[in-house]
Amino acid sequence: MTSTADIRLRALEPEDLELMYRIENDARFWRHGTTTVPYSRYALREYLANSHNDIFADGQVRLVIERVATTEVATTEGTTEITPIGFADLVNFDAIHLRAEIGLLILPEYQGQHCGRATLQHLCDYARQLHLHQIYAIIATTNEPAMQLFAHSAFEASTPLHDWLRTDEGFADAVVWQLCLSAA
């Protein structure tokens, strides 16, 4: 028996409500974004219902990261298991300068399995399809795995941001990681 896994991105569906509820209401993840309060299922259901899933209409787009695992058994055709494992976002879209900020969140149980690398590559490809000139991420200097991920994916560390992110201990420094897609 052999097993392979692949990563793909897809649009949000109403069935993603519970995954959104789990992630948006987990305070461990709040320090990486701008969330400061829990979201109700009602608010998330309204977001799902009203989002056009179009970066030009909404100014952002959220995509579901799916892990597609195929197990092949010598005597059968095999099985495919599709598991939502997180979200990939393009936010703060600037239509004039053709840039957007990246947000990635992979559930802890799937971290360290190279899902981030594949997700980031798919997100870069998608940004190219949107004809974006540049994508960027703001990463805390204490988030070594994220900085390694972006460095491995040809992003360049550019602007240091001092005391940029509020933490339980005070404020932390961050760095802007950029990728010019026309040059990549």
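# A guided tour of the predicted model

Begin by selecting helix α1, residues 17–24, whose buried residues are Leu17, Leu19, Met20, Ile23 and Glu24. Buried here means under 20% relative accessible area, exposed means over 50%, and partly exposed lies in between, with a 1.4 Å probe and protein chains only. These residues of α1 span an arc of only 165° around the axis, so they sit on the same side of the helix. The arc is taken from the directions that lead from the helix axis to the C-beta atoms. Helices (H or I, at least four residues) and strands (E, at least two) are DSSP runs, numbered from the N terminus.

Before moving on, note that this is a predicted model, in which local features need pLDDT of at least 70 and side-chain atom pairs count only at pLDDT 80 or more, while totals for chains, interfaces and linings use all residues. Residues are numbered from 1 along each chain as its sequence is written, and side-chain values use heavy atoms, with hydrogens and water left out.

## From α1 to α3

Axes are lines fitted to C-alpha atoms, for helices over the stretch in contact, and angles run from 0 to 180 degrees between N-to-C directions. The crossing of α1 and α3 is right-handed. A crossing is right-handed if the near helix is turned clockwise from the far one by less than a right angle, and left-handed if anticlockwise.

To display the contact (heavy atoms within 4.5 Å), select Leu17, Glu18, Met20, Tyr21 and Glu24 on α1, together with Arg41, Leu44, Arg45, Tyr47 and Leu48 on α3. This contact of α1 with α3 comprises six nonpolar, no polar and four charged residues. In this classification Ala, Val, Leu, Ile, Met, Phe, Trp, Tyr, Cys and Pro are nonpolar, Asp, Glu, Lys and Arg are charged, and the others, Gly among them, are polar.

Next, select Asp16, in the loop between β1 (2–11) and α1. Asp16 is buried, its relative accessible area being 3%. Not counting residues up to four places away in sequence, Asp16 touches Arg10, Ala11 and Val64. A distance drawn from Asp16 to Leu48, C-alpha to C-alpha, gives 8.6 Å, although the two are 32 residues apart in sequence.

Glu13 also belongs to the loop between β1 and α1. With 38% relative accessibility, Glu13 is partly exposed. Between the C-alpha atoms of Glu13 and Leu48 there are 7.2 Å, with 35 residues separating them in sequence.

Move to Ile7, in strand β1, which is buried with a relative accessible area of 7%. Leaving out residues up to four places away in sequence, Ile7 touches Ile65, Glu66, Arg67, Ile85, Cys115, Ala118, Thr119 and His122. Ile7 and His114 lie 107 residues apart in sequence, yet their C-alpha atoms are 9.5 Å apart.

Then select Trp30 in helix α2, residues 27–30. Apart from neighbours within four places in sequence, Trp30 is in contact with Glu24, Asn25, Thr35, Thr36, Val37 and Pro38.

## Helices α5 and α6

Now show helix α5, residues 115–129, and helix α6, residues 144–152, which pack at an angle of about 50° with their axes 10 Å apart. This angle makes α5 oblique to α6, and their crossing is right-handed. Gly116, Arg117 and Leu120 of α5 meet Leu149, Phe150 and His152 of α6 in this contact. By class, the contact of α5 with α6 contains three nonpolar, two polar and one charged residues.

Finish with two loop positions. His131 is in the loop between α5 and β5 (134–140); it is exposed, at 62% relative accessibility. Phi of His131 is near 65°, a positive value in a residue other than glycine. Ala154 is in the loop between α6 and β6 (156–167), and its phi, near 75°, is likewise a positive value in a residue other than glycine.

Conventions: Parallel < 35°, antiparallel > 145°, perpendicular 65-115°, else oblique.
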